[in-house]
Amino acid sequence: MMDPNCIFCKICAGEIPSQKVYEDEDLLAFRDINPQAPVHVLVVPKSHFATLAEMDAAQAELLKKCFVRIPHIAQAAGLKDGYRLIINQGKDAGQTVFHLHIHLLGGAPMGEKML
């Protein structure tokens, strides 16, 4: 399921270019255009849903596949000493694109603080 008004759906469909890091039939990983760390990759299920609360059983399987692939994506991106994963859920959490996505951040020490 795609949303024709969603920027991430358009990126997944190839309508908007991106710096792809990984792609298969179910997910796309690409470099964030506004990186918050030396390595900042977005891992996006190709099925459109905005938040975990909207996810159905099939989309939960896609999310599981994302988490299985993330260690391989991180390694390919050169993240050998660790990385951070973030999933923003809703406006108050800082979600700006309402298509569920996972931020994969690394390439520098981040410390323990979250904010």
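The largest pocket in this predicted model has a volume of about 610 Å³.

Now let us turn to helix α2. This helix covers residues 57–76, and its 20 residues should span 28 Å at 1.5 Å a residue; the C-alpha atoms at its ends are 29 Å apart, which agrees with that expectation. Follow the helix along and you will come to a bend of about 35 degrees at Arg69, with a proline, Pro71, following within four residues.

What happens around the ends of this helix? After the helix comes Gly78, whose phi is positive, near 85 degrees.

Which residues of α2 are buried? They are Gln59, Leu62, Leu63, Cys66, Ile70, Ile73 and Ala74. These buried residues pack against five strands, namely β1 (20–23), β2 (27–31), β3 (39–45), β4 (83–86) and β5 (102–106).

The loops deserve a visit too. Start with Asp24, which sits in the loop between β1 and β2. Is Asp24 buried or exposed? Its relative accessible area is 15%, and buried means under 20%, so Asp24 is buried. A polar atom of the Asp24 side chain lies 2.8 Å from the backbone nitrogen of Asp26. Setting aside residues up to four places away in sequence, Asp24 touches Lys46 and Lys65.

Our last stop is Val97, found in the loop between β4 and β5. With a relative accessibility of 17%, Val97 counts as buried because the limit for that label is under 20%. Which residues does Val97 contact, leaving aside its neighbours within four places in sequence? Those partners are Ile7 and Phe8. Look also at Ala50: it is 47 residues from Val97 along the chain, and the C-alpha atoms of the two are separated by 8.1 Å.

How values were computed. Residues are numbered from 1 along each chain as its sequence is written. This is a predicted model: local features need pLDDT of at least 70, side-chain atom pairs count only at pLDDT 80 or more; totals for chains, interfaces and linings use all residues. Side-chain values use heavy atoms; hydrogens and water are left out. Helices (H or I, at least four residues) and strands (E, at least two) are DSSP runs, numbered from the N terminus. The expected span of a helix is 1.5 Å times one less than its number of residues. The bend at a residue is the angle between axes fitted to the seven residues ending there and the seven starting there. Buried means under 20% relative accessible area, exposed over 50%, partly exposed in between (1.4 Å probe, protein chains only). Contact means heavy atoms within 4.5 Å. On a 1 Å grid over the protein atoms alone, a cavity is a set of points where a 1.4 Å probe fits but cannot get out, and a pocket is an open set with protein on both sides within 12 Å along at least five of seven lines; lining residues have an atom within 4 Å of a point. Grid points are joined across faces, edges and corners, and a volume is the space filled by probe spheres set on the points. A polar contact is a pair of N or O atoms within 3.5 Å; within protein, one must be able to donate a hydrogen and the other to accept it, and residues adjacent in sequence count only if both atoms are side-chain atoms.
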